[in-house]
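Here is a guided walk through one protein chain. Keep the sequence and the 3D view side by side as you read.

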Amino acid sequence: MAKSPIALNCFHRLLSLYKPMLVALLLSLLATSPGRSQTIAYCRLSPEAIAEKETLRQTALSGDSNAQQQYNQILIQHAQAVYRCRQQSRPQNQAIWLRLYSCDAQPGALEKLLDDIINKGYNQVYLEVFYDAQVLLPAANNPTPWPSVMRSPGLEQVDLMAQTIQKGRQRGLQVYAWMFMLNFGYTYTLLPNRAGVLAVNGSGETTVTANLDGTASNDFGESYINQGFVDPYHPTARQDFNTLLNAVLRRRPSGVLFDYVRYPRGLGPQSVASRVKDLWIYGDASQSALLQRANNDRGRELLQRYVSQGFLTENDVNQINQKYPEQAQPQEAQPQEAQPQEKLPLWPDETALPALSGIPSLGNTFNQQLWRLSVAHAQQGILDFLNMFSQPVQSRGIPAGAVFFPEANRRVGEQGFDSRLQPWDRFSSAIEWHPMAYGVCGTTSCIVEQVETVANQAQPGTKIIPAIAGDWGKSIKNRPPLEHQMRDIINAIPQIQSISHYSYDWQEPQLTRDRQSCR
C-alpha cells in the first residue's frame with residue numbers, strides 16, 4: 001500500500017532531525033562495545049573480566065612471558081572500559097583512600113591491590129604518603145626527619161610510592177599523594193632539636209603534654225596519642241615540610257592533598273576556644289609574628305600584655321598610654337627620629353590581615369579587639385602554610401587540594417570558636433576543596449547538609465570533592481551505603497563531579513588484616 005505524500009514528508013523530516021543523533025549513537029556503540037561489555041553497575045568490571053585478568057596475573061607472576069604480555073594488554077582494555085564508563089556516569093571521578101603496608105611490597109601484591117581498585121570502578125586513588133609521623137619513602141632514600149613506613153629488613157630500597165604511581169597510571173588510575181600537614185606526629189616531638197617547633201598554648205603545653213585523653217580516637221584513625229602539631233609560623237616546620245613535599249613531587253603524583261590543615265581538637269570543654277590562652281599561638285615564632293602585627297610600640301605592648309595575662313585591665317591601658325603618648329612631642333623638644341608616633345590604628349585592618357575579614361566583629365573594647373586579632377592570627381598561620389605549599393604543587397601543572405571538616409570553622413557561643421580553627425571558608429578557590437562529610441545520623445540527610453554548607457560558602461567555580469565514609473551495598477557504623485550517599489549528594493548539589501570514599505581498609509577489612517600480617 002503506497003504511503004501518502006504527507007506521511008512520507010513527516011518521515012523524512014523526522015529522519016533528518018534525528019539522523020545526527022542516530023549516527024553518533026551508532027558510532028559510540030561501535031567504539032565502546034568491547035569496553036561496555038566489561039563494565040556493570042557503578043562502572044565495576046564484570047566478574048568474567050576480573051577472573052580473566054586475575055588468571056593472567058597469577059600466570060605472569062610465575063614467569064610466563066606470554067601471559068605477561070596478555071596481562072599488560074588487558075590492563076589497557078580495562079583502563080579504557082572504566083574511563084569510558086566514568087565519562088558517562090556521575091560522579092565522573094570516583095576516588096578511594098588507600099594506605100599501604102610493608103607486605104604490599106611482596107611480589108605481585110601491589111598489582112593485585114591496584115587491580116582490585118580498578119575492578120571496583122574507581123579511577124582515582126588517594127595514596128597516604130605522610131601520616132602518623134611516617135613517610136612512604138624508601139628508608140635508604142629518605143631526606144626527611146620522619147621514619148619510613150618501609151622499615152622491615154630487606155625493604156630499604158623499595159619505593160612503594162613511586163611504584164604505586166607508575167602501576168596505577170598503567171591501569172588508568174590517577175594517584176594523588178595524600179599527606180598530613182600541621183600534625184607532624186608524636187615521634188617528631190621526640191627529636192632533640194625540634195622542641196621549639198611545636199605549637200604551644202597559653203598554659204605552656206604542646207599537643208603532647210596537654211591534658212587530652214590519650215586513649216581516645218575516632219572512626220577515622222585520629223588518635224590523640226599520635227599527635228604532634230607544629231607552629232605554622234616556625235621556619236623549621238616550613239623547611240621540614242618543604243623537604244618532604246619535594247620528595248613527594250619528584251615521584252610525579254597526579255595531585256597532592258593536604259590534611260590536618262588546622263589545629264588539634266580538644267576533648268570536652270577544650271573543644272571550644274573562647275580565651276586567648278586556648279589558642280596554639282604561644283610558640284616563639286608565632287608570638288614574634290603576632291607582636292609584629294601591631295602598628296606601633298603602644299600597640300605591641302598592649303598586645304603582649306593581653307596575650308601574657310589573657311586580658312587587659314583599665315590600669316594596663318592607662319600605664320601603656322602614659323608610656324607611649326598618643327601625640328608626638330614638638331620637634332624642638334626632641335629629635336625627629338626619637339619622637340613617639342603613637343596614633344591609631346594600633347592593629348592591622350582586614351586588608352593587611354585577610355583572616356580578620358572572616359571573623360565577625362566582637363565589640364570595640366581592647367579585649368574584644370585583641371581576641372578577634374588573636375584568632376585571626378592563629379588562622380592566618382594555617383592559611384599561609386597551606387598557600388606556601390599549594391603553589392609549588394600547582395606550578396607543576398597538577399592540582400593541590402585541602403581536606404577539612406565542614407564544622408571545624410564554626411562559631412560557638414558569643415565569642416567561642418571550634419578549637420581546630422580551620423578557616424576552610426578562606427581557602428583559595430584555585431585549589432580543590434575536599435570536605436569530609438562524615439556525618440552520622442542513620443540517613444544521608446546530615447551528610448548532604450555538610451556538603452551543602454560548603455557549596456553555599458564556596459566561590460563560584462570552586463572544585464568541591466566530598467569525601468564520604470562507608471561501604472558498598474550496606475550500612476556501616478550507622479552510615480548508609482556509599483551509593484545512597486553519592487546519589488543524594490549529587491541530586492542536591494548538581495555541580496559535584498567527583499567524590500572520594502574513605503577507605504579501602506573499610507571496604508576490605510579482612511584483606512587489610514592479611515596485608516598487614518603478610519598472609
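Start at Lys 167, a residue of helix H5 (residues 160-170). This is a predicted model. Is Lys 167 buried or exposed? Its relative accessibility is 17%. The limit for buried is under 20%, so Lys 167 counts as buried. What does its side chain meet there? The side chain of Lys 167 makes a polar contact with the side chain of Glu 111, at 2.9 Å. Beyond its sequence neighbours up to four places away, Lys 167 touches Leu 110, Glu 111 and Leu 114. Helix H4 spans residues 109-119.

Now step back to the chain. It has 519 residues, and buried residues make up 51% of them. Its secondary structure comes to 15 helices and 12 strands. Take the contacts between residues at least 6 apart in sequence: 73% of them join residues at least 24 apart. The chain exposes about 23,700 Å². Carbon and sulfur atoms supply 51% of that area.

Turn to the strands. Strands of a sheet pair through backbone hydrogen bonds, either parallel or antiparallel. Strand S4 covers residues 174-180. Six of its seven residues are buried, so S4 is largely enclosed by the rest of the structure. Which strands pair with S4? One is S2, joined in the parallel sense over six bridges. Within this pairing, Phe 130 has Met 179 of S4 as its bridge partner. Another is strand S5 (residues 255-259), which runs parallel to S4 and is joined to it by five bridges. There, Ala 177 stands opposite Val 256 in S5.

A further sheet is open and has three strands, in the order S6-S9-S8. Its pairing is antiparallel. Strand S6 (272-273) and strand S8 (411-412) stand at the edges. Each has a single partner strand, so one side of each is left without a neighbour in the sheet. Two bridges join S6 to strand S9 (residues 416-418). Ala 273 stands opposite Phe 417 in S9.

Next, go to helix H12 (residues 445-457) and find Ile 447. At 0% relative accessibility, Ile 447 is buried. What surrounds it? Leaving out residues up to four places away in sequence, Ile 447 touches Ala 437, Gly 439, Ile 468, Pro 480, Gln 485 and Ile 489.

Charged pairs come next. How many salt bridges are there? The count comes to 24. One of them joins Asp 132 and Arg 99, with the closest N and O atoms 3.9 Å apart. The cut-off is within 4 Å, so this pair qualifies as a salt bridge. It links distant parts of the chain, since the two residues are 33 apart. Asp 132 sits in the loop between strand S2 (124-131) and strand S3 (134-135). Arg 99 sits in the loop between strand S1 (93-98) and helix H4 (109-119). Both ends are partly exposed: Asp 132 has 25% relative accessibility, and Arg 99 has 23%.

Compare the bridge between Lys 474 and Asp 471, whose closest N and O atoms are 3.6 Å apart. Lys 474 is partly exposed at 46%. Asp 471 is buried at 7%. Arg 487 and Asp 488 form another salt bridge, with a closest N and O distance of 2.9 Å. Arg 487 is partly exposed, at 44% relative accessibility. Salt bridges also share partners: Glu 301, Arg 305, Asp 316 and Lys 323 are joined this way into one network.

Finish at the surface. Which residues form a nonpolar patch there? They are Tyr 186, Leu 190 and Val 208. Together they have about 250 Å² of accessible area. Tyr 186 belongs to helix H6 (residues 186-189). Its relative accessibility is 32%, so Tyr 186 counts as partly exposed.

Technical notes:
Residues numbered from 1 in each chain as written. Predicted model: local features only at pLDDT ≥ 70, side-chain atom pairs only at ≥ 80, totals over all residues. Heavy atoms only, no water. Salt bridge = Lys/Arg side-chain N within 4 Å of Asp/Glu carboxyl O. Helix = DSSP H or I, 4+ residues; strand = E, 2+ residues; numbered from the N terminus. Buried < 20%, exposed > 50% of the residue type's maximum accessible area, 1.4 Å probe, protein only. Patch = residues over 30% accessible without salt bridge, like charges linked within 9 Å, V, L, I, M, F, W, Y side chains within 5 Å. Areas by Shrake-Rupley, 256 points an atom, 1.4 Å probe, with all protein chains shown as cover. Pairing = 2+ DSSP bridges. Contact = heavy atoms within 4.5 Å. Polar contact = N/O pair within 3.5 Å; in protein donor to acceptor, adjacent residues only side chain to side chain.
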